[in-house]
Amino acid sequence: MTIDEELSRQLVLVKWVNKNLACRYELSTRNQQLAHACHDLAIEHHAAIRLLCEANLYGSMYSLLRVEFEALARGLWLRHAASNEDIVRYENEDPNIKFGNILKQVEGQLGLATSVLSRLKSRQWEIFNSFTHTGYQALVRRVSKTHTGPVNYNDQEVISALRHAGVFAVFSAIELASMTGDQAILELTMAMAQKYGE
């Protein structure tokens, strides 16, 4: 698969989400409101990642992977695991709310021994941080002895970044669909997710 083919695949996802999940939501609790905002933001980051890739702005595209992943995980935590006290701490931007603990709480609440989220964190977190915080991994992809910029990025790594972004968006889309309270939308979203995973 080429970058252009993967960009087309991601555009189908962006359009599907905009068409099917831009609807009215009844969000009666603070947890639901904040979780909804997180998943909506994760989906927006996915669309931005796609646009940045299309413009060959790979460094900025890579930097958003961690941000999208965090939006997804925080949305899951806020909806499924956070207590009222956690919400207050979160609203006050308590620095003691650690990302790894959020994932453990989500997994505990949902009965998952080790989820794809924890595996992703253990395998990708350091490189995501490097991309976001201008670490070595963010820079090494940009340079050669003669050039800097997009010409130096490996096509397969760019495609992998797009796919990661798409998976995060699909998970957030499922959460949003389940928040609609509309079984038909949820089933449609689950079918889309299954097709995306093929």
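Does Ser130 count as buried or exposed, and what is its relative accessibility? Keep that in mind as you open this predicted model, and let's walk through it.

**Stop one: Ser130.** Select Ser130, which you will find in helix α6. Ser130 has a relative accessibility of 12%, so this serine counts as buried, the cut-off being under 20%. Now show its surroundings: leaving aside residues up to four places away in sequence, Ser130 touches Gly135, Tyr136, Gln137 and Ala138.

**Stop two: the α3 and α8 pair.** Next, select residues 58–80 for helix α3 and residues 155–180 for helix α8. The two pack with their axes 10 Å apart, at an angle of about 25°. Angles under 35 degrees count as roughly parallel, and α3 and α8 are therefore roughly parallel to each other. Their crossing is left-handed. Colour the residues of this contact by type and you will find 15 nonpolar, four polar and four charged.

**Stop three: the largest nonpolar core.** Now bring up the largest nonpolar core, which has 58 residues. Helices α1 (3–21), α2 (30–54), α3, α5 (99–110), α6 (116–132), α8 and α9 (183–196) each supply at least two of its residues. Highlight α8 here, as this helix gives the most to the core, with 13 residues. Then pick out Leu21 and Met61, the members that touch the most others in the core.

**Last stop: Met61.** Zoom in on Met61 and show its contacts. Setting aside residues up to four places away in sequence, Met61 touches Ile49, Leu52, Cys53, Val158, Ala161 and Leu162.

Definitions and conventions. Residues numbered from 1 in each chain as written. Predicted model: local features only at pLDDT ≥ 70, side-chain atom pairs only at ≥ 80, totals over all residues. Heavy atoms only, no water. Axes fitted to C-alpha atoms, helices over the stretch in contact; angles between N-to-C directions. Helix = DSSP H or I, 4+ residues; strand = E, 2+ residues; numbered from the N terminus. Parallel < 35°, antiparallel > 145°, perpendicular 65-115°, else oblique. Left-handed = near helix turned anticlockwise from the far one by under 90°. Nonpolar A, V, L, I, M, F, W, Y, C, P; charged D, E, K, R; others polar. Core = buried A, V, L, I, M, F, W, Y, C linked by side-chain atoms within 4.5 Å. Buried < 20%, exposed > 50% of the residue type's maximum accessible area, 1.4 Å probe, protein only. Contact = heavy atoms within 4.5 Å.
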